[in-house]
Amino acid sequence: MDFLIERYNNWTKNPQNGENLFFAGFIIYMFWSIMRTTMFPHSSMAFNMCLVFSVLILAVKIVFFDVYTFKMFMAVAGMFACSAIVFVSSGYFWPFLWVLMLVSAKDVPFKKILQLYLLLNIIIMGLAFIAAMLGVIENLAYNSDNPNNDTLRYSFGCVYTTDFAAHIFFMLLTAYYLYQKKLRPYHYIGTCAIAGLIYYFCYAKLDTICILLMVLLFGGYHVLQWQHGREKIEMQAVAIPLVTEKTEANKEFAFKRTSAYYRWKGIWGRIALISMPALTMLMYYWSASYKIGNEFLEMIDETITGRLGLGNIGIKEYGITLFGQDIPMVGMGGSTEVQEDYFFIDSSYLFILLRYGIIFLFIVFIVYGCICYKHRNDTVLMICITLLAISCFIDHHMMEEAYNPLGYALFAKAGGMIWEKGKM
């Protein structure tokens, strides 16, 4: 008995075992999550078993390996309690799974999670794309809603065209974050070409815009980094003290481009922090105010393919609750048949607000607010969160791990690349 206790104590004291448990549960859950977005045939029973195994593994990791301060424990307990109340109130289990995934990532290197997320997406989405091209699975084709474009929109093995485009956007965003220092001009050119293909074959306007914005913001940041590096060398060569982010001393010696670099770094933390609440208020105001005859809102509604009108219906018919409610939604996807009773809230902010309640929406804001504070010096992550906020203004992928991996930054620790030069 003492031998077993000793073995147990040694096992739980090794943090690598906890990390291995997380990745075991993570891989199973991600496989389940990503496969659900493709046209690959699957067994509901097998999928449910994957989900159960994943939840059990992640729960074991939390119980036996994670150590919390009192404040952190109360925060985690509050998140789980709120998600449980949402489940009772609305019948939706997804908020609990989302909280479980974020919490179980405690002390696991964030970049390792992103690398594994990217690898799984590349493999599964690559297989889905190839299978769709070979006719193994259906490549769903839809008529374009653009009167000036009569070409078909293809899903390339996904359940819908915008799902495929969203996968591409989030994979590119993750790759840009992970390998930001290795990006070269041809990477940006290639990414712009991908955006063009997404627009032409999928007519996914939002993801096309987000990909181009990503190129613009990352490219601008790298140009400022390069200029700052050159000026730093010049300043050191003439023995001029270099201005820092935290001091105003010797500011008169800072070159203009170096000052612009520090201003750029400082502004993105603030933008990322307010982006989600600000865009939520804007989407709610536009949706609640929408009515036929308002030319401005009708123009916006037409531009974002009817999302304001659908949001207005959701707000008026169901209203806002503290802990959510059951709201049946019928969306496109999985079939080319026209859904006569189509009703789907695409905006992540309205989706969470109406289905999971205003309290849980505040929890989402707090999660990303804490990420912005914790990683406020990581400018590239702040840019990624801002792009996520823009994407979720229209798309509903905020809490879907198959798409969005940025929430893991809350409890995960910084750094920790698996595939790095000299570490293979």
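At 4% relative accessibility, C372 counts as buried, where buried denotes under 20% relative accessible area, exposed over 50% and partly exposed the range in between, computed with a 1.4 Å probe on protein chains only. The sulfur of C372 lies 9.3 Å from the closest cysteine sulfur, which belongs to C370, and this is too far for a bond. C158 is likewise buried, with a relative accessible area of 0%, and its sulfur is 8.7 Å from the closest cysteine sulfur, in C202, again too far for a bond. Under the criterion that a disulfide is a pair of cysteine sulfur atoms within 2.5 Å, the structure holds zero disulfides.

The model is a predicted one, in which local features need pLDDT of at least 70 and side-chain atom pairs count only at pLDDT 80 or more, whereas totals for chains, interfaces and linings use all residues. Residues are numbered from 1 along each chain as its sequence is written, and side-chain values use heavy atoms, with hydrogens and water left out.

The chain has 15 helices and two strands, these being DSSP runs numbered from the N terminus, with helices (H or I) of at least four residues and strands (E) of at least two. Of the 424 residues in the chain, 51% are buried. When contact is taken as heavy atoms within 4.5 Å, 74% of the contacts between residues at least 6 apart in sequence join residues at least 24 apart.

Salt bridges were identified as a side-chain nitrogen of Lys or Arg within 4 Å of a carboxyl oxygen of Asp or Glu, and a search of the whole structure finds five of them. In one, E19 is joined to K112, with the closest N and O atoms 2.8 Å apart. Because E19 lies in helix α2 (residues 15-35) and K112 in helix α6 (residues 110-134), this pair ties together parts that are 93 residues apart in sequence. Both E19 and K112 are buried. A salt bridge also connects D107 with K106, the closest N and O atoms being 2.9 Å apart; here D107 is partly exposed, with a relative accessible area of 42%, while K106 is buried, with a relative accessible area of 8%.

A further salt bridge pairs R307 with D395, the closest N and O atoms being 4.0 Å apart. R307 lies in helix α12 (residues 307-318) and D395 in the segment after α15 (379-392), so the pair ties together parts that are 88 residues apart in sequence. R307 counts as buried at 15% relative accessibility, as does D395 at 4%. Together with D346, these two residues, R307 and D395, are linked in a network of salt bridges.

Helix α12 itself has 12 residues and reaches 16 Å from its first C-alpha to its last, close to the 16 Å expected at 1.5 Å a residue, the expected span being 1.5 Å times one less than the number of residues in the helix. Its buried residues include R307, L308, G309, L310, G311, N312, G314 and I315. Just after α12, G319 takes a positive phi of about 70 degrees.

The interior was examined through nonpolar cores, defined as sets of buried Ala, Val, Leu, Ile, Met, Phe, Trp, Tyr and Cys residues joined through side-chain atoms within 4.5 Å. The largest such core contains 135 residues, of which F26, F218, F360, Y368, I385, M398 and Y408 touch the most other members. Leaving aside residues up to four places away in sequence, M398 touches W98, M276, S348, Y349, I352, V364, Y368, L388, C392 and N404.

Rings of Phe, Tyr and Trp (its six-membered ring) were paired if their centres lie within 6.5 Å, with planes under 30 degrees apart counted as stacked, over 60 as edge-to-face and the rest as tilted; by this rule the count comes to 31 aromatic pairs. F93 and F96 form a stacked pair, at 5.2 Å centre to centre and 25 degrees between the planes. F93 is partly exposed, with a relative accessible area of 34%, and F96 is partly exposed as well, at 23%. The rings of Y142 and Y160, by contrast, have their centres 4.8 Å apart and their planes at 70 degrees, so the pair is edge-to-face. This pair links distant parts of the chain, with Y142 in strand β1 (residues 141-143) and Y160 in the loop between β2 (152-154) and α7 (161-178), 18 residues apart. Y142 is buried, with a relative accessible area of 5%, and Y160 counts as buried at 13% relative accessibility. Finally, Y92, W98, F344, F351, Y356 and F360 form one aromatic cluster.
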